[in-house]
Amino acid sequence: MNLRAIVSVILALALLSGSVAGQKPTKQLRCGTSPAMERQEIFLHQRATERRARLLQAGIRTVDGAGKALDLHRSAASVVGDILVMRGDGGVILGRNFFPGALVGRSIQFQPSDAAASAYRVQLTDDAYRTDAITGTAINLRSPATGFPIGDDDSREFDLPFPFPFYGATHTRLYVNSNGHLTLGAEDSLAESTTYSAFLSGPPKIAGASFDLDPEASPTDSGIFVLLNPTEVIVSYVRIVRFGTSGSIASNLVDFQIRFTPDGQVRILHRSGPFGEFVVGITPGGNRDFGQLIQFVSPPPDPISQSIAEIFSGSSQPSVDVFRASQVFFESQPDDYDYLVFYNDANISAGLTAVAFEITVRNQVEGIGEEIVDRSSRFGSKERLQAIINMGPLSQYPDDPYGNVSVLGPSESSPLSVLAHEAGHRFLAFPLLREGASDTINLLGRQLAHWSFRFNSHGSFMEGSDLSAPPSGELGNTYTTGPPTLRYSEFDRYLMGLISPQQVGGEQSLFYVGGTGSRTIAPRRNEQISGPRQDFSIDDIIAANGLRKPDHTIAQRRFRFAFVLVTEDETKAQPALEKLDRYRREFVQFFNDRSASLAFADTALKPALGMDAYPATGVLAGSQATLRVSRRGTSGDVPLVFEGADGLLSLPAAATIPSGETAVSVPYTALQPGVARVRAVAASGEYLPAEAAIAIATQGSLTLQLTSSARVQALPNTEALTPIEVRVSDARGLPYEGVPVRLEPTTGGFATPEVVTTDAQGAASFRWTVGDAPTNFAKVFIEGERERTELTVAALPDLLPDLRAATNAASFAGGVSPGSLATLFGVSLAGGVSRQASSTPLPTDMAGVQVTVNGAFAPLIFISDQQINFFVPASVSGETAQIIVTTPDGKSNSLISPLAVYQPGVFFDSGTNLGAILRNGFGAKTDIVPALPGGFVQIFATGLGPLVSAGRGVFRTLSTVTVRIGDQVLPPDPGDFAGLAPGFTGLYQVNARIPEDLAPGNYPLRLIVEGQESNEVIVIVGAP
């Protein structure tokens, strides 16, 4: 697996939250969509479900919800026009995870599992509050005697009295922040840094209680005390008031203590239970993972190497549980909708700083940068639902559907554009960009789920900017932002499946502005962005993410939206219903107009017809098939009219679902290759239409894929233990029915049956009785297309993995190094499958394949039967590594490999020995863009040893890394850098300056760290 493939799948969230100077807002609202928000909502839903069950079991049927009694037992729902009105009862509105009394006065202990503190065991202990830590030599940061008492959104810096190990790095600087965070290496004191998403970003931190706190307004007996001892550091937040609340009310005060010791142990103890929404936990920061959310009263027994946290919410902040609300929706409504859109009239926000958010329920679309997921069971959906949207309180939106949403500041958003933004998250904005040898996140902004402020998104709903260059001769590298949130751009439309790749970039050019400015600020007009213009094409998107499948010819274009109003009192909901209905009606045309008339929104709340071909199916040209159209219920005849055959199908113009029947099957003939978008319309209008794409192809254009393993277990002259399974599809991945497939043994034996015709899913299955050879083989192919489609399957007596070598992933030198990338070689290492990680955090289990290094599970990047690429856990220590691979077939032999703290290796092209070295500011290797004398290069490597935090998510190597080019060892330079490549795991980046006197040519290059030399690669230097 080359550098490109390795790098593309280990991207982590590395963007820091952008901020804009100015007066502190009481609440800065933006879209909350992110993987972190998704995990938070799932966690809080689980806690709410457990709490509701406990209350009901105890005989409690009602609870107080923001001053109103809520029925825990059930939620009533009724339909008013085309809006479903849902009471907040039945757990739809509920405080979801109160701070439990069991945590008050007890210590949450994070015990490192190794000397580097790269993973932690969590337990609840009975440690006493250290009252001596708030007297004597303790420094009270609120006291004027300090010379600069800590204030609101403030921070104080201290030298630690001992090196402190934390998530595999060693720290010597502590920052005590007024927002309840202790951070390492850099401050993080902003009020906006108190959400779960913000908790995961920024510098490494310990969150005692992440609130926007105001020490200046706190009672006179309060304080933030810092005690620095050689054996322990103790920081105590004593009766500190939350910003904007009264210090005279006990529920507005926080009182907790954080203690940590030289061995890496961390303890958090609360003397009282805070109220409100806040986070408690520890994180390495830098968005290196999405975190593991747990309950501290019952922590898991195994060590956790990710961020560890619990999110709490208070009785004063009830929430709309969108999972429970979805389940209630489907108690009375059919699963006929793509989106459920929830608003409320109870002033319940979508999140602490979120105006709204989306959670994808199902995604089977490839090539958009989003993982393939199916969370439908959590939402009560069994058939269709794709996404839910929490739009928050109606009160935050103006009555005018096109009016300005003031809580979003200068983004010029309207109620309709906010809804279009959240609906767009079903497909946007996630893709990587191929630049040279790497796949980058240069198009992405906040949470890697929005367009970068520096990306020319042409005023996309998904943020970014509409960039225009200044007049000729005026600062040629400075661009001005135009009106934001206007449309779904051409690029958006491709990712949504509305247009072909060839249609992208014709009218709307694709580029971003390089440079160091923030990519995460909200869109606004008349801002200046300076930097070099970086053009790219849709081909660079496809290279990094793959083709979009299904493509524009068969992708869904008509989407059903169900609008839901969550209310605490339906008798007073009429004004809210009228307002929401205006949004609903206006959104139909808005959605169509802003997608260039390519996408359609159905917002009526009534049942739809069903079609077995939905969303798309494939048939062979010249073949006959049936189209089954169904309805809900059996009462009365339902006359149907068919549209869209377009001469590609011989399809009746009309049919009827008879009274007493739920469906009718209509025969048709596929006449010629093409795609017909067929609609079945109920003539009476009582049902919404059903639509499906029917693709017609010739047999010579289809492909065959194995869906079972390419290896099965069988002794000679016996039947294989598992069947041989295949799937026939076209280039778009669409399955085809009615295609004959043959299995032909080549070493004796026979197949049962010999030929199978594919079913509606394009699938065929064979039983194989093998011959008498030690290893038997068979060929499987589409009849009449053997040469083009033939695949080989093998039968072996034993499928256990055979592990033969472990190497540095860059140099392929034998041995592995903690915190680096490594490669395993062998036989049967992946159970006959091939997989590549598609998201972070990297999985430790991929298709049932696991790798352990000295007992620690290793994150996996790529698996195949011959090769596995993985990340060596930083916690691994010793002189040797015992490596074991486990597959569904069993465990491998135990491979003992050398384990070295330092094992430098530079990634390279095996055909040319050209190193993975880029000229600074360019995304191509030096054969495309040569390095320049006196200029910097970026060298990508692994195995450079332990890391230390440099603040703000930046990690440098503990040891000095030296670069040798030719016979010259490069002297230190102020611009040098050696550390973790920003946004990556296990991939190191070394920035070095090329000597000014170096003549053009090809030069050997090595890295040296602690006396260990890397492999030698080639760097090409050009003329200045």
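Q: What makes Phe 278 count as buried or exposed?
A: Phe 278 has a relative accessible area of 1%. Buried means under 20% relative accessible area, exposed over 50%, and partly exposed in between, with a 1.4 Å probe and protein chains only. Phe 278 is therefore buried.

Q: What kind of model is this, and how are its residues numbered?
A: This is a predicted model, where local features need pLDDT of at least 70, side-chain atom pairs count only at pLDDT 80 or more, and totals for chains, interfaces and linings use all residues. Residues are numbered from 1 along each chain as its sequence is written, and side-chain values use heavy atoms, with hydrogens and water left out.

Q: Why is the pair of Phe 211 and Phe 278 called tilted?
A: Their ring centres are 4.8 Å apart and their planes stand at 35°, so the pair is tilted.

Q: Which parts does this pair tie together?
A: Phe 211 lies in the loop between β13 (205-207) and β14 (223-228), while Phe 278 is in strand β18 (residues 278-283), so the pair ties together parts 67 residues apart in sequence. Strands here are DSSP runs (E, at least two residues), numbered from the N terminus. Phe 211, at 5% relative accessibility, also counts as buried.

Q: Why is the pair of Tyr 339 and Phe 561 called stacked?
A: The planes of these two rings are at 0° and the centres 4.4 Å apart, so the pair is stacked. Tyr 339 lies in strand β22 (residues 339-344) and Phe 561 in strand β36 (residues 558-567), so this pair ties together parts that are 222 residues apart in sequence.

Q: How do you know whether Tyr 339 and Phe 561 are buried or exposed?
A: Tyr 339 has 3% relative accessibility and counts as buried. Phe 561 is buried too, with a relative accessible area of 0%. Both residues belong to one aromatic cluster, which also includes Tyr 402 and Phe 427.

Q: What makes the charged end of Arg 533 sit over the ring of Phe 511?
A: A charge sits over a ring if NZ of Lys or CZ of Arg is within 6 Å of the ring centre and within 35 degrees of the ring normal. The charged end of Arg 533 sits over the Phe 511 ring, 3.9 Å from its centre.

Technical notes: Rings of Phe, Tyr and Trp (its six-membered ring) pair if their centres lie within 6.5 Å; planes under 30 degrees apart count as stacked, over 60 as edge-to-face and the rest as tilted. Helices (H or I, at least four residues) and strands (E, at least two) are DSSP runs, numbered from the N terminus.
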